[in-house]
Amino acid sequence: WPAARYGHSAVLDPSGAMLVFGGYSSGGVVGGYGSGVGFFSDLWRYDLQAQAWEELRGGAWPAARYGHSAVLDPSGAMLVFGGYSSGGVVGGYGSGVGFFSDLWRYDLQAQAWEELRGGAWPAARYG
């Protein structure tokens, strides 16, 4: 299961499973998968009926961050926007430094991330 963290996002997918992305750990992990200090870019799915965690992987995905926003779009895909990182990645792909203004879409069917771009864009932010 995922390491202890805060500043992550959590949404329910159309099947009723919970998706958890990113976050930050300042150490002192009591239980769970992994340990350390830093930012996460991992994505986990918790099946409420089976009561089991599964780490979702594959392809390119957002840099590690915390304080980002996440929602489900009408198709059931998860959108992740913004956040903050000062490096120090604990798990997952990439490391960014500073505030983010990127927008990512996780397609549950394809189990793949896609960075969305174009048009007018909001300023970088977190919180």
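Contact means heavy atoms within 4.5 Å. The legends below describe a predicted model.

**View 1. The protein chain as a whole, with its strands.** The protein chain holds 11 strands and 0 helices. Along the sequence the pattern reads β-β-β-β-β-β-β-β-β-β-β. Of the contacts between residues at least 6 apart in sequence, 54% join residues at least 24 apart.

View 2. The protein chain comprises 127 residues, and buried residues make up 40% of them.

**View 3. Arg-5 and its place in the chain.** Arg-5 lies in the segment before β1, the strand that spans 9-12. The relative accessible area of Arg-5 is 15%. Arg-5 is therefore classed as buried, the cut-off being under 20% relative accessible area.

View 4. Two backbone oxygens are shown with the side chain of Arg-5. One belongs to Ala-3, which the side chain of Arg-5 reaches at 3.0 Å. The other is the backbone oxygen of Gly-22, reached by the side chain of Arg-5 at 2.9 Å.

**View 5. Residues in contact with Arg-5.** Neighbours within four places in sequence are left aside in this view. The residues in contact with Arg-5 are then Val-20, Gly-22, Tyr-24, Phe-40, Asp-42 and Trp-44.

Notes
Residues are numbered from 1 along each chain as its sequence is written. This is a predicted model: local features need pLDDT of at least 70, side-chain atom pairs count only at pLDDT 80 or more; totals for chains, interfaces and linings use all residues. Side-chain values use heavy atoms; hydrogens and water are left out. Helices (H or I, at least four residues) and strands (E, at least two) are DSSP runs, numbered from the N terminus. Buried means under 20% relative accessible area, exposed over 50%, partly exposed in between (1.4 Å probe, protein chains only). A polar contact is a pair of N or O atoms within 3.5 Å; within protein, one must be able to donate a hydrogen and the other to accept it, and residues adjacent in sequence count only if both atoms are side-chain atoms.
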